[in-house]
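Dear colleague,

I am passing on a structure for you to look over, and my notes on it follow below.

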Amino acid sequence: MSRPPRPIDCDALVIGSGAGGSVAALGLARAGRETVVLEEGPRVTTAELAAASPAQNLRRLYRHAGLAPIHGRPVIAFGEGCCVGGTTVVNGGLLWEPPADLLDRWAHRAGTDGYRRTDLDGHLREITRRLGVAAQQPGDGNRDSRLLADGADRLGWHWAAARRAAPGCSHANRCPTGCPSGAKQSMLLSYLPAAERHGALIRPRTRVLRLDHRRGRVTEVHAVGPDGEPVGYRPRTVVLAAGPIGTPALLQRSGIHRRRAGRRTAVHVNLKVVARFREPLRATNGTIFTAQLQHFQDEGLLVMPANLTPGALGAALAGHDPRTVNSVLADLDRVALFTAQVRVDGPVTVTALPGGHTLLRHRLTAADAARLRSALHRTARLLLAAGATEIHPPFPGPPLRSEAEARQCADRSALADWPLVSVHAMASCPMGDPAHGGLCDAVGRPYGFDNLHLCDASVLPGATGISPQGTVMAFAHEITERLLQTTRRETTG
């Protein structure tokens, strides 16, 4: 029987290469730390993304080839990236800055003072500069966004231009399956190459199995490489950024805060509606969206167009009468797809299972159900004001042609039948005072540990209500700065 390979000694080991891990990798490498990044998924080039079909990229870039179930009533489909660059490769490149009042609430409730807007402003400026974040200009196919803005104006509702990290966007309409032009500045094209220029090494297709630890220090990281061979690392510092699901699951498998990690994960859920208009929109020629309804943001609701393709439209109409589906597909140029994103209170639990599997379960509350019904009604009202002639809800039923029909549909439909999707999870290992549910300190260290730092969406104290990438990256910058300051003090001391 052959002996396991000798563990590789390294200074800083980053597990995960998404929005948090990439920021940490760059910060550590730029500070002269010998940095290795382990990523479970593959590394792909822009040319490879462009050459493959969206369906091929869906299978290649996402965990579980696209969607994992969050069990409950209804089952919620969860999607996250699994590739070098993480979910930033397959999201819309939206970079909203965290509202100051949200950060203040977190500081007051969770004890995360030091992460207020004034503390993060410098990081947000660097993120904006490095990624070229700016208000997205409409393309020829973004009439769906202009109509959304028109409808909001008629109702006196506030909307905002989308802020995206996609300078020179060519409106290829493939945001969720990898940008084929290289305009979207995912971590794959921005922070990670910069980290490599400072000496960081990226190891794709390497899956971490567990962390050995003793007396509050990680002593060895066990993983399997691209060919299934075991590989071990003995790092001085570990940055765990495996994502809001992967991070708590790995902590549980490693016996670290097993009873607390992942037990109250926060999510946003999306419901899709299809709207038909009188005039041609040709939304298939646009980008993800250029305008977002934010009037009800404080209540946890955002409304925006979504990338329209025949496949996405078919998925949104799954379960509807075939004649309805055929009719809408035949009228594709006059159709648009919209997303209502809802912040829910009911937590998702993450449970690590044998064999590397993970079980996700949710418990939507009565308040969540009311919020979802209100979201459908308000979305329909907005689209009718924008000129929609008919609206198809996310579940089987007749098209809605009036606000009264929309209200009745939202109130009387069985929520268990709603096909909900989530692409935003966070707060599974929240930063903050342990007396208020915090699992890690202001340097991202799980309580009781000194060389393990969490640095991804899992550390956020709660749901952002907005696309979380900007908030995650700002927190990651601050955590990395504090980590470096701490290790410098330990070295000089």
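At what angle do helix α11 and helix α12 pack, and how far apart are their axes? This is a predicted model, in which local features need pLDDT of at least 70 and side-chain atom pairs count only at pLDDT 80 or more, whereas totals for chains, interfaces and linings use all residues. Residues are numbered from 1 along each chain as its sequence is written, and side-chain values use heavy atoms, with hydrogens and water left out.

Helix α11 (residues 366–385) packs against helix α12 (residues 403–412) at about 160°, with the axes 8 Å apart; that makes α11 roughly antiparallel to α12 (angles over 145 degrees, on a scale from 0 to 180 between N-to-C directions). Residues of α11 including Arg373, Leu376 and His377 meet residues of α12, among them Glu403, Ala406 and Arg407, where contact means heavy atoms within 4.5 Å.

In α12 the buried residues (under 20% relative accessible area, 1.4 Å probe, protein chains only) are Ala406, Cys409 and Ala410, and they lie on the same side of α12 because they cover an arc of only 95° around the axis. What covers these buried residues includes α11.

Turning to the backbone, most residues other than glycine have a negative phi, and most peptide bonds are trans. Arg73 and Pro74, however, are joined by a cis peptide bond with omega of about 0°, and Pro74 is found in the loop between β3 (68–71) and β4 (76–78). His64 has a positive phi of about 60°, and His257 has a positive phi near 45°.

Best regards

Methods. Helices (H or I, at least four residues) and strands (E, at least two) are DSSP runs, numbered from the N terminus. Angles under 35 degrees count as roughly parallel, over 145 as roughly antiparallel, 65 to 115 as roughly perpendicular and the rest as oblique. Buried means under 20% relative accessible area, exposed over 50%, partly exposed in between (1.4 Å probe, protein chains only). The arc is that of the directions from the helix axis to the C-beta atoms.
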